[in-house]
Structures are given as C-alpha cells and as structure tokens.
Amino acid sequence: MAEEKYDISKHILVPKHTKLNEADVKKLLEKYNVNLKQLPRILKTDPAIQHLDAKVGDVIRIERDSPTVGKVDFFRVVTNA
C-alpha cells in the first residue's frame with residue numbers, strides 16, 4: 001500500500017514560507033547591513049520548506065500573522081546543520 005504524503009504547508013498553523021530570489025536577498029542584506037552568516041538558520045530537512053526545493057545558502061521568508069501589527073516577516077538561511 002502506497003503511503004500518502006501530507007503537504008504540511010497547507011496546515012493552518014504553518015506560516016507561509018517562500019524562497020527569495022538573488023535580488024531580494026541582496027536588498028535584504030543591504031537593508032539590515034548583515035551577511036548570510038548573521039541570519040538565523042533553518043535546516044534543509046525542515047518539513048515546512050520541502051515544497052520549495054531549497055538549497056543550502058538560500059534565504060527563506062516566513063510570513064507570520066501578528067495580533068498587534070498584522071503580518072510580520074522573518075528570514076532564515078538554509079543550512080545542513
């Protein structure tokens with residue numbers, strides 16, 4: 001019997017994850033005057049980014065809902081460990 005895979009990105013408690021393109025990454029790093037090593041990390045094996053086909057070094061935007069300010073963006077760099 002084939003096992004069905006559940007798409008975790010469709011779950012109501014999982015915030016929206018998107019992979020940034022190179023131009024957006026450059027703007028982000030310049031805006032906050034940081035480099036990739038200074039960003040928080042997310043594992044390549046994280047179930048929330050499996051549908052993005054993310055590679056090590058990619059930057060992920062996580063869009064979370066906030067009761068006080070509406071939407072808030074968080075950024076993570078993809079790593080192996």
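Me: How many aromatic pairs does a search of the whole structure find?
Reply: The search finds 0; a pair would need ring centres of Phe, Tyr or Trp (its six-membered ring) within 6.5 Å. This is a predicted model, where local features need pLDDT of at least 70 and side-chain atom pairs count only at pLDDT 80 or more, while totals for chains, interfaces and linings use all residues. Residues are numbered from 1 along each chain as its sequence is written, and side-chain values use heavy atoms, leaving out hydrogens and water.

Me: What sits over the ring of Phe74?
Reply: The charged end of Arg64, 4.5 Å from the ring centre. The criterion is NZ of Lys or CZ of Arg within 6 Å of the centre and within 35 degrees of the ring normal.

Me: Next, Phe75. What does Phe75 touch?
Reply: Leaving out residues up to four places away in sequence, Phe75 touches Leu20, Leu28, Pro40, Val59, Ile60 and Arg61; contact means heavy atoms within 4.5 Å.

Me: And which residues form the largest nonpolar core?
Reply: Its 8 residues are Leu20, Val25, Leu28, Leu29, Leu39, Val59, Phe75 and Val77. A core is a set of buried (under 20% relative accessible area, 1.4 Å probe, protein chains only) Ala, Val, Leu, Ile, Met, Phe, Trp, Tyr and Cys residues joined through side-chain atoms within 4.5 Å.

Me: Which element gives the most to this core?
Reply: Helix 1, with 3 residues.

Me: Switching to Asp58. Where is Asp58 found?
Reply: In the loop between strand 2 (41-43) and strand 3 (59-66), strands being DSSP E runs of at least two residues, numbered from the N terminus.

Me: What does the side chain of Asp58 reach?
Reply: The backbone nitrogen of Lys55, at 2.8 Å.

Technical notes: Rings of Phe, Tyr and Trp (its six-membered ring) pair if their centres lie within 6.5 Å; planes under 30 degrees apart count as stacked, over 60 as edge-to-face and the rest as tilted. Helices (H or I, at least four residues) and strands (E, at least two) are DSSP runs, numbered from the N terminus. A polar contact is a pair of N or O atoms within 3.5 Å; within protein, one must be able to donate a hydrogen and the other to accept it, and residues adjacent in sequence count only if both atoms are side-chain atoms. Buried means under 20% relative accessible area, exposed over 50%, partly exposed in between (1.4 Å probe, protein chains only).
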